[in-house]
Amino acid sequence: MFALISCLSANLPKLVDSFIPRFHNMLDKIKHIILVLSGKGGVGKSTVSTQLALTLAESGHKVGLLDIDLCGPSVPFLLGLEGHDVHQCEQGWVPVFSGADQRLAVMSIGFLLKNRDEAVIWRGPKKTAMIKQFLEDVAWDELDYLVIDTPPGTSDEHITVMECLKGVNADGAIIVTTPQEMALEDVRKEVTFCKKTGIAILGIVENMSGFVCPNCAECTNIFSSGGGVALAELARVPHLGTLPIDPRVGALAGTGKACVTELPDCTTSLVLKSIAKSIGAE
């Protein structure tokens, strides 16, 4: 599979041109496209993306999860899908499916790497071409939702996604932040990026706000709280919810299990259900 990436890199201009006519056909079958963004790494964006996708799938929807964090693809690990191969069919690359009911289709560069420790050392043009490949040449089939997990920042990857999504009806972006002021400084830039590029902001999620004791379930604000709420008010966008650090939720990483089914009464599950409902209303 790594040889496939090298081959793609060597023929980027031809590949980009050849797949442009197919691009709209691939995404036109998708009813809703949701971007998950953050201006800073380490805020739990991929965890929010995977659990949101699982929540939507558990609600009976057909869902796709696209991981375009090329240098730090964590979705295969979070869903317990490491070691799966990507195959090809007449329509393009076949995504890897998660769960017994096959409702969640997943694509990530992590499936093309030999192991988790292998580094993707690419310049911007190669990253751009690979993202276009993911958007243009994955046989998603008909989906209710496609959740796109993006890398942190406002770099080439984000610009490429926005250019590719101009011709389709993308719903908008969910922005993830932690409550600390340092994180909020970077996430403010993401809000500005969305407004300048015309991305609708569906709302802001404040993650890692407080710590839930695994014994008594009491939540303690060990860092700070309320930063996401304040940023949402400042940006005049909805605040979608506040997620605490919950060791029980963290233990689900690598299992592919949905928080809403394993821990239905915890705060994280209630917020995820609320976000899913909000997305459906939008």
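Hi everyone, let's start with the charges: searching the whole structure turns up 8 salt bridges. Please keep in mind that this is a predicted model.

Let me begin with lysine 127. Which residue does lysine 127 pair with in a salt bridge? The partner is glutamate 157, and the closest N and O atoms lie 3.6 Å apart. This pair links distant parts of the chain, since 30 residues separate the two: lysine 127 belongs to helix α5, residues 124-136, and glutamate 157 to helix α6.

Next, helix α7. Here aspartate 186 makes a salt bridge with lysine 189, with 3.8 Å between the closest N and O atoms. Those two residues sit 3 apart in helix α7, which spans residues 181-197, so about one helical turn separates them. Aspartate 186 has a relative accessibility of 23%, and therefore counts as partly exposed.

Now over to aspartate 246, whose salt-bridge partner is arginine 248; their closest N and O atoms are 2.9 Å apart. Aspartate 246 has a relative accessible area of 6%, so this residue is buried. Arginine 248, on the other hand, comes out at 34% relative accessibility and so counts as partly exposed.

We have an open sheet of 8 strands with mixed pairing, and the order runs β5-β6-β2-β7-β1-β8-β9-β12. Which strands stand at the edges? Those are β5, residues 96-98, and β12, residues 239-242; each has a single partner strand, so one side of each has no neighbour in the sheet. From one strand to the next, the twist averages 20°.

Strand β1 covers residues 30-37 and strand β8 covers residues 172-177, and they pair in the parallel sense over 4 bridges. In β8, isoleucine 175 is the bridge partner of leucine 37.

Two helices to finish. Helix α3, residues 45-58, packs on the sheet and touches β1, β2, β6, β7 and β8. The direction of helix α3 makes about 170° with that of β7. Helix α6, residues 156-165, packs on the sheet too, touching β1 and β7, and its direction makes about 160° with that of β1. Thanks, everyone!

How values were computed. Residues numbered from 1 in each chain as written. Predicted model: local features only at pLDDT ≥ 70, side-chain atom pairs only at ≥ 80, totals over all residues. Heavy atoms only, no water. Pairing = 2+ DSSP bridges. Axes fitted to C-alpha atoms, helices over the stretch in contact; angles between N-to-C directions. Contact = heavy atoms within 4.5 Å. Salt bridge = Lys/Arg side-chain N within 4 Å of Asp/Glu carboxyl O. Buried < 20%, exposed > 50% of the residue type's maximum accessible area, 1.4 Å probe, protein only.
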